[in-house]
Amino acid sequence: MNIDRLLQQHGTLNEGAGAIPPLEQWHPELTGDINIIIRADGSWWHEGQPFARPKVARLLATLLRLDDEGYCLVTPAERWRIEVEDLPLVAVAADFRDDAWWFTTQFEDKVRLDAKHPLSVTLTPQGEAVPQLPVRFGLAARLHRNVYYQLVGVAESRDVGDGTTEIGLMSAGQWFALGQLDEEPSGEAP
């Protein structure tokens, strides 16, 4: 994969900065593994060093999808597998407008929280339960801690039975859980 050639073609390939090419139409054989790691914080690393040029990480993010073999960078002629520690994208901003929450990733993906892009709570590699939402081509974004706290600040609670209270929010006419609180058992302290 020639990064410099990709950068030169970026304007014509993507019809503008940050546009996502038609990855669903590209099906080359797996070329192999490339030494790129996306850390749990969303930073991109190559051969043990963080990417020096953010423009390169942004371009490569437009070529990323989740395949059966794992996370792959895809062009019409090549498909390279990379390593992802947790999820490849991070939702770094949230905004409520037009009766729905909108999230923005570190690469400017805009995602509306709705039935097509539902919020779910999954475990990080460290075992923490943190919300995520689907973005594109099998990729998901983990909510950044600041975004999560923003949502918790406006969240509502609902009793779901069995002594459990769910914390969540409404978006696009649907309820999305951020987590659960277990009620303390009543009785005397020991």
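I began with Asp86, which forms a salt bridge with Arg142, the closest N and O atoms being 2.9 Å apart; the model I am reading is a predicted one. Asp86 lies in the loop between strand 6 and strand 7 while Arg142 belongs to strand 12, so the pair ties together parts that are 56 residues apart in sequence. I looked up the accessibility of Asp86 and Arg142 and noted that both are buried.

I then turned to Asp109 and Arg136, whose side chains meet in a salt bridge at 2.8 Å, N to O. This pair links the loop between strand 8 and strand 9, where Asp109 sits, to strand 11, which holds Arg136, 27 residues apart. Asp109 and Arg136 are buried as well.

Next I looked up Arg81, which forms a salt bridge with Asp33, with 2.6 Å between the closest N and O atoms. Because Arg81 is in strand 6 and Asp33 in strand 1, the pair ties together parts that are 48 residues apart in sequence. Arg81 counts as partly exposed at 26% relative accessibility, whereas Asp33 is exposed at 52%.

For the whole structure, I noted that a search finds 10 salt bridges, and that Arg65, Asp67, Glu69 and Arg79 are linked in a network of them.

Finally I followed the sheet, an open one of 6 strands in the order 9-8-7-12-11-10 with mixed pairing. Strand 9 (110–112) and strand 10 (120–123) each have a single partner strand, so one side of each is left without a neighbour in the sheet. Strand 10 pairs with strand 11 in the antiparallel sense over 4 bridges, and Thr122 stands opposite Val130.

Conventions: Residues are numbered from 1 along each chain as its sequence is written. This is a predicted model: local features need pLDDT of at least 70, side-chain atom pairs count only at pLDDT 80 or more; totals for chains, interfaces and linings use all residues. Side-chain values use heavy atoms; hydrogens and water are left out. Two strands pair if DSSP finds at least two bridges between them. Helices (H or I, at least four residues) and strands (E, at least two) are DSSP runs, numbered from the N terminus. A salt bridge is a side-chain nitrogen of Lys or Arg within 4 Å of a carboxyl oxygen of Asp or Glu. Buried means under 20% relative accessible area, exposed over 50%, partly exposed in between (1.4 Å probe, protein chains only).
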